[in-house]
Amino acid sequence: MKKLFFNTRLRRRLVRTLAGAAAVFLLFLLLNRIFPLPDKIEYSIIIEDNQGEVVNAFLTRDQQWRMKTELGEISPLLRKTIVEKEDKYFYYHPGVNLLAMSRAFFMNILHMRRTSGASTITMQVARSLEPKRRTYWNKVREMFRALQLEWKYSKDEILQLYLNKVPYGGNIEGVKSAAILYFKKNPDHLSLAEITALSIIPNRPSSLVIGKNNDKIIEERNKWLKRWAQEKVFTEKEIADALDEPLTATRGIVPHFIPHLAWKLKKQGGSEVFHTTIELNTQRKIEKLVKDYSRILSFQHIRNAAVIVLDNQTHRVISYVGSADFKDTTDGGQVNGAAAIRQPGSTLKPLLYGLCIDEGLLTPKMMITDVAVNYEGYAPENYDRKFNGYVTMEYALEHSLNIPAVKSLKALGIDKLIQKLGFCDFQQIKKDQKKLGLSMILGGCGATLEEMTGLYSIFSNEGKYVPPVYLIDTNLKSPSRKSILSPEATFMINETLSKVNRPDFPLNWESTTHLPKIAWKTGTSYGRRDAWSIGYNRRFTVGIWAGNFSGAGVPELSGANTATPLLFQVFNTIDYDDDLPWFSKPDGCEVHTVCSETGLPPTDHCTNLVTDYFIPLISPSRKCDNMQEVFVSADEKISYCRNCLPENGYKKKLYKLISPEMKEYFDLNRIAYQAIPPHNPTCEKVFQNGAPLVISPSNGSEYLINRKDPEPLQLRCRVSNDVGKVYWYINNKFYKSGEANSKQFFVPEEGPVKISCTDDKGRNRNIWIRVRYVNL
C-alpha cells in the first residue's frame, strides 16, 4: 500500500515538474515573440582582393570600425584561446552558467565586493547588443536575451557575434577590425601571443591601449599564458613561443586600395564583405603607370585616364583604375572614369565588321567605296576629311575609315548591332535604342570602359561573351556564354587588328621589342573629348580611356597617340615578352582566290588575284562583275544596245563598271577612267535601271530660306558610267540641262517642290522637298 502511495506521489511530482517546465517554455516562447532579439548589427563594408586580404573598408554610420569576421576566419587557435579565457563551458551551458553564477555570488558576498563575474560569452553578446546599466533587473534581462540567442543561433554563430562586437578601445569593435588595424593581418593569421594580447583588452579598453601600453599588455598577456601552461591548455612549445614573441604593434590605418571599385561596390550594397577578383600587386603597378602617364598628359591639358584589365581565361577583372589619382580633388580624381558613360568613337567598328562577315555581306578583301554619301541629311566624314575611293574591308578597319563603316551599318541594319550590344550589357544603348541612328558606329551613343572591355574580350573567346566578373563567389554557377560572333568572323577581325603597320600606331612609342603580340583598336570621340585604345591577346583584354572628366576637348587628343602608348605600357607590365601562340584559324574558315578589284571570286576577265578568308555557304559567292562587254562603234565614240546594234561597223570592248558615286569621285579628283561612250542617239529603247540619284537637295527635307536674301539651292546628281547629259525639271517644268556631274542652282518657290532629273537614256528620278521662307 505504501509503495503504491509513493509511486502515485512521484508521478504527481513528475507531472507537475513537466507541466511547470512546459509552462516556463511556453512563457519563454511568448516573451520571445513579444520582445524580439535586437540582433541587427551594422558592419563596416569590407573590400577584399582575390587572396582574401582587406584592401579597403568603410566606417559604419556610427563611425565605428566594425568589420565582420566570417565563420571561416575563426581559426581553431582563435576559438580555443577565446573560449579558454572567457567561458570554458561555453559549448556546454544553455547561455547562462548557473554554477558559475552561484560561485560568483558567494565569492562576492564573502569578500563584500565584486571579485569575479559569471557572464558567459552569450551573455556578453546580449549586453553588447542591448547596452544597459549594471543592475540586478538588467542582469535578468541579459540572461533572458542570452537564452534567446541560444534559441536562435548555433554556438559557433554566437561566438562569431561575440568576436564581431567585442570592444578594443576607441572606435574599434570586433577581432577583425583589431587584427587589421593593429597587426595588419586577417584574424585567422593571428598567433597565440597576438590573440591573447587582444583578448585582455576588452576588460580594460581605456588603460590597455596597443601602441601606448604595450608593456602592461605583455605583462597581462604572459600571466594568462603561464596560467594556461599550468593547466596544459597549450603545449610547452606553443607557450614558450608566445612568451618570447614581442609586441611592437601600434594602431595603423585601414588600407584604401582600388578606391573607385570599392565605392562602386559599397553603393551597390547587398553584402558586408566583397571578395573581389582584383590582384593587388598588378593593381598597384597599373595605378602607378596611370598616375605617371597622366602627369605627362597634363602638359597637353589631358588630365585623366582609366584602365581595366580582364583575364580572358577566367573573365575576372584583375585591375580596375578609375582615375589617375583618387585623392586629386582639382581634376575630379574621385570620378570613376571606368564606369562613366562616354562616346566610344570608332571602337564599335570591329564588332560591326564581324557581324557583316557573319551576315555574308563582307570578307576582309571585299571592296567598299569610300566616297561622299548622304543619308537623309546625314553626311559622315572621315577623320582626315578625305575620301579614298575603293578600299577593302580590312583597309577600312585598319585605317578606321568612317564612311565605309556607316555604309556597312546601313547594309547590316542598326537593330542587329543594337541587339548584339544589348547581349553584351550596354545599358545606355539599351535605353537609347529607339533614338540611335547610323552615327552610333562613329561614337554617336553612350558606353563605359567596363562595357567596352567586356565587349572586346569576345575576340579572345571565339566570339562568345561572358560578363566580366568582379566578385569571387564559389557558389555561383559558371556564367552563360552568349554567342556574338562566329569563331570564323572573330579570327578574321583578329588578323586585321593585330597588324603593326597601321596608321593608328602611336608616333611616340619607343620600341616594340618586347611588346607581346596584341590586337587593338583605337577610337576618338567627336570634339576630341575621349581617347580610347582597347587591346587583347590570349591572356588579357585591356581597356584604356583618356581625357578630361569635365568633357573639355583637346586638339592633341587621339586614341592612337594618347591612349595607345599607355595600352602598350600596361601589356609590357602584365604580360612582358609573352610567348603564347596567337589565335589559330578555325576549321570553318577557309581561304580562296579572289579578284583584287572587288574581293569576289574571279572570272576570266580578272587578272589581279589575291587570297582571302571566307566562310563556306555564308560569304558572298557571286562572281566578280566589275567588267562589262559593250558594243561600240569602230571609233569608240558611240555605244549600242542589242536593239540598235548595226549590222556591221561595231566591235566589242570591255569596260570597267563604275558606280555613279565612284564616277563622281573620279571626276572631282581628276582621276582618269575609261567611260562608256554615249549611247546611240537614234536608239528608241527606254532603259529601266540606273536612273540618276539626286543627292542635292535631300529628298524629303525642309529648307528654310531667308525672305530678304534668298539663297539658291544646288541641284546635283550621280549617274551611271554611260551617261553624258542630264535634264532638270522643277514642278514638272523644264528648268535646265547640263553635263552629268555639273552643278546647277535655282531659287525655289514656297511650299512643296517636285524636282525631277532625267538622263540622256530617258531614265528619270523624282524627289520632293518643302520650302519655307522666313524672316532672318
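**Ground rules.** The model is predicted, so I keep local features only at pLDDT of at least 70 and side-chain atom pairs only at pLDDT 80 or more, while totals for chains, interfaces and linings use all residues. I number residues from 1 along each chain as its sequence is written, and side-chain values use heavy atoms, with hydrogens and water left out.

**Entry 1: salt bridges.** How many salt bridges does the structure hold? I find 41. A salt bridge here is a side-chain nitrogen of Lys or Arg within 4 Å of a carboxyl oxygen of Asp or Glu. In general, side chains of opposite charge can pair when their charged atoms come close.

I looked up Arg61 and Glu42. Their side chains meet in a salt bridge, 3.4 Å from N to O. This pair links distant parts of the chain, 19 residues apart. Arg61 sits in the loop between strand 2 (54-58) and strand 3 (65-66). Glu42 sits in the loop between helix 1 (2-34) and strand 1 (45-48). Helices (H or I, at least four residues) and strands (E, at least two) are DSSP runs, numbered from the N terminus. Are these two residues buried or exposed? Arg61 counts as exposed, at 73% relative accessibility. Glu42 counts as partly exposed, at 29%. The cut-offs: buried is under 20% relative accessible area, exposed is over 50%, and partly exposed is in between (1.4 Å probe, protein chains only).

Next I checked Glu359 and Lys416. They form a salt bridge, with the closest N and O atoms 3.1 Å apart. This pair also links distant parts of the chain, 57 residues apart. Glu359 is in the loop between helix 13 (349-358) and strand 8 (367-370), and Lys416 is in helix 16 (residues 414-423). Glu359 is partly exposed at 42%. Lys416 is partly exposed at 38%.

Then came Asp759 and Arg763, whose side chains meet in a salt bridge at 2.9 Å, N to O. Asp759 and Arg763 are buried. I also noted a network: salt bridges that share partners join Lys407, Glu661, Glu664, Arg716 and Arg718.

**Entry 2: a nonpolar patch.** Which residues make the nonpolar surface patch of about 390 Å²? They are Leu27, Leu30, Ile34 and Phe35. Patch residues have over 30% relative accessible area and no salt bridge; like charges are joined within 9 Å, and nonpolar side chains (Val, Leu, Ile, Met, Phe, Trp, Tyr) within 5 Å. Areas come from the Shrake-Rupley method with a 1.4 Å probe; for residues, only the protein chains shown count as cover. Leu30 lies in helix 1. Leu30 is partly exposed, at 48%.

Entry 3: I traced an open sheet of three strands, in the order 20-22-25, with antiparallel pairing. Strand 20 (693-696) and strand 25 (744-746) stand at the edges with a single partner strand each, so one side of each lacks a neighbour in the sheet. Two strands pair if DSSP finds at least two bridges between them. Strand 20 and strand 22 (residues 713-718) pair over three bridges. Ser696 stands opposite Arg716 in strand 22.

I turned to helix 21 (residues 660-668). Its buried residues include Glu661 and Glu664. What do the buried residues of helix 21 pack against? I see strand 8, strand 9 (389-392), helix 15 (402-412), strand 20 and strand 22. Just after helix 21, Arg670 takes a positive phi of about 55 degrees.

**Entry 4: buried spots.** Helix 6 (residues 155-165) is mostly covered, with nine of its eleven residues buried. Among the buried ones are Ile158, Leu161 and Tyr162. The buried residues pack against several elements, including helix 2 (76-86) and helix 5 (136-152).

Ile484 is in the loop between strand 11 (482-483) and helix 19 (487-497). It is buried at 3%. Its contacts (heavy atoms within 4.5 Å) include Leu351, Phe423 and Tyr465, not counting residues up to four places away in sequence.

Thr522 is in strand 12 (residues 519-524). Thr522 is buried at 8%. Counted the same way, Thr522 touches Ser346, Trp532 and Thr564, among others.
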